[in-house]
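Please read the following explanation alongside the sequence and the coordinates, moving from one region of the chain to the next.

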Amino acid sequence: MRVGFIGLGSQGAPMARRIVDAGYATTLWARRPASLEPFADTAAKIAGSPAELASASDLVCLCVVGDADVEELAGGDNGLLAGLSSGGVIAVHSTVHPNTCRELAAKASARGVSVIDAPVSGGAPAAQEGRLLVMVGGEPDVVERCRPVFETYANPVVHLGSLGSGQVTKLLNNLMFTANLGTAATALALGHALGVSPESLADVIGRGSGNSFALNNIKGSGGTLDRLAVLAGSLLQKDVRLVADLAEKAGASPGAVLDAADAALTLMKHPR
């Protein structure tokens, strides 16, 4: 399988590197030439446009920021759909609205191209070590065709169901993480008000039943949400907005988890 990869950021670059190192014929494209420089010592080829990358690929992996990026890269005369041949696949590793993937799939099907959603979790260290979590939605046969490529940078690769189910799962994961940030940060602040140092409290809770990934992130960021707000506030805001929209359209009540996530976003000065 020939692989194209777009989105060579802090997480995407190590993903692409592992694909190249696994021996797949790989083509890259980036808006910024600097993103391509780390691959100068590899066998990866560089395309002049998304369409050129697509024409050299059986599978195109997208690891860009948001819905608008996916739509822009896929459409137009120089877009992915202009270059992919029948039988090709687009894998959306970005965290976006499920409908973005479904709408792309409707356009792609007219060209015999498949779309799967495959958002990832774990960050750059997990990508470098080949232990990202990939949450996949799409047709089983298409997912299985792509699985060997995904397994160059991920373990596990979990197929969750039809197209869009990977995005729903990732958004719910991020909603819970955001909510946990809020409960952890406010618990540390309450402890401080009651005379227990946040550092000591975080150490103890980190060994107890109240421990969480979010708590350890706050502990490693100086005990507050300030640093996390700069690094991830806008992304978490985007994801909470998306899952709130899904819940509203489905007539489902998110309950306490959305309340806690909203509190965290407010603390990070990125209110929904």
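This is a predicted model: local features need pLDDT of at least 70, side-chain atom pairs count only at pLDDT 80 or more; totals for chains, interfaces and linings use all residues.

Residues are numbered from 1 along each chain as its sequence is written, and side-chain values use heavy atoms, with hydrogens and water left out. Helices (H or I, at least four residues) and strands (E, at least two) are DSSP runs, numbered from the N terminus.

Ser165 is buried, with a relative accessible area of 17%; the terms used here are buried for under 20% relative accessible area, exposed for over 50%, and partly exposed in between, with a 1.4 Å probe and protein chains only. The side chain of Ser165 reaches the backbone oxygen of Ser162 at 2.7 Å. Contact means heavy atoms within 4.5 Å, and, leaving aside its neighbours within four places in sequence, Ser165 is in contact with Asp117, Val136, Gly137 and Leu160.

Two packed helices are described by the angle between their axes and the distance between the axes. The axes are lines fitted to C-alpha atoms, for helices over the stretch in contact, and the angles run from 0 to 180 degrees between N-to-C directions. With helix H10 (residues 198-205), H9 packs at an angle of about 125°, the axes lying 9 Å apart. That makes H9 oblique to H10, given that angles under 35 degrees count as roughly parallel, over 145 as roughly antiparallel, 65 to 115 as roughly perpendicular and the rest as oblique. H9 passes H10 in a right-handed crossing; a crossing is left-handed if the near helix is turned anticlockwise from the far one by less than a right angle, and right-handed if clockwise. On the H9 side, Ala187, Leu188, Gly191 and His192 meet Pro198, Leu201 and Ala202 of H10. By class, this contact of H9 with H10 has 5 nonpolar, 2 polar and no charged residues, where Ala, Val, Leu, Ile, Met, Phe, Trp, Tyr, Cys and Pro count as nonpolar, Asp, Glu, Lys and Arg as charged, and the others, Gly among them, as polar.

How does H9 cross helix H13, and at what angle? The axes of H9 and H13 (residues 256-267) come within 7 Å and cross at roughly 65°, and that makes H9 roughly perpendicular to H13. The crossing of these two helices, H9 and H13, is left-handed. Residues of H9 that take part include Leu175, Met176, Thr178 and Ala179, and those of H13 include Val257, Leu258, Ala260 and Ala261. By class, the contact of H9 with H13 has 12 nonpolar, 4 polar and no charged residues.

Leaving aside neighbours within four places in sequence, Phe150 is in contact with residues including Leu59, Cys61, Ala91, Val134 and Val157. Leu59, placed in strand S4 (residues 59-62), is likewise buried, with a relative accessible area of 0%. Not counting residues up to four places away in sequence, Leu59 touches Met1, Arg2, Val3, Gly4, Val89, Ala91, Cys146, Val149 and Phe150. The C-alpha atoms of Leu59 and Arg145, 86 residues apart along the chain, are separated by 9.4 Å.

In helix H6 (residues 98-109) one finds Thr100, buried with a relative accessible area of 7%. The side chain of Thr100 makes a polar contact with the side chain of Asp67 at 2.4 Å; such a contact is a pair of N or O atoms within 3.5 Å, where, within protein, one must be able to donate a hydrogen and the other to accept it, and residues adjacent in sequence count only if both atoms are side-chain atoms.

Most residues other than glycine have a negative phi, and most peptide bonds are trans. A cis peptide bond joins Asn155 and Pro156, with omega about 15°, and Pro156 is found in strand S9 (residues 154-161). Phi of Lys269 is near 60°, a positive value in a residue other than glycine. Lys269 lies in the segment after H13 and is exposed, with a relative accessible area of 70%.
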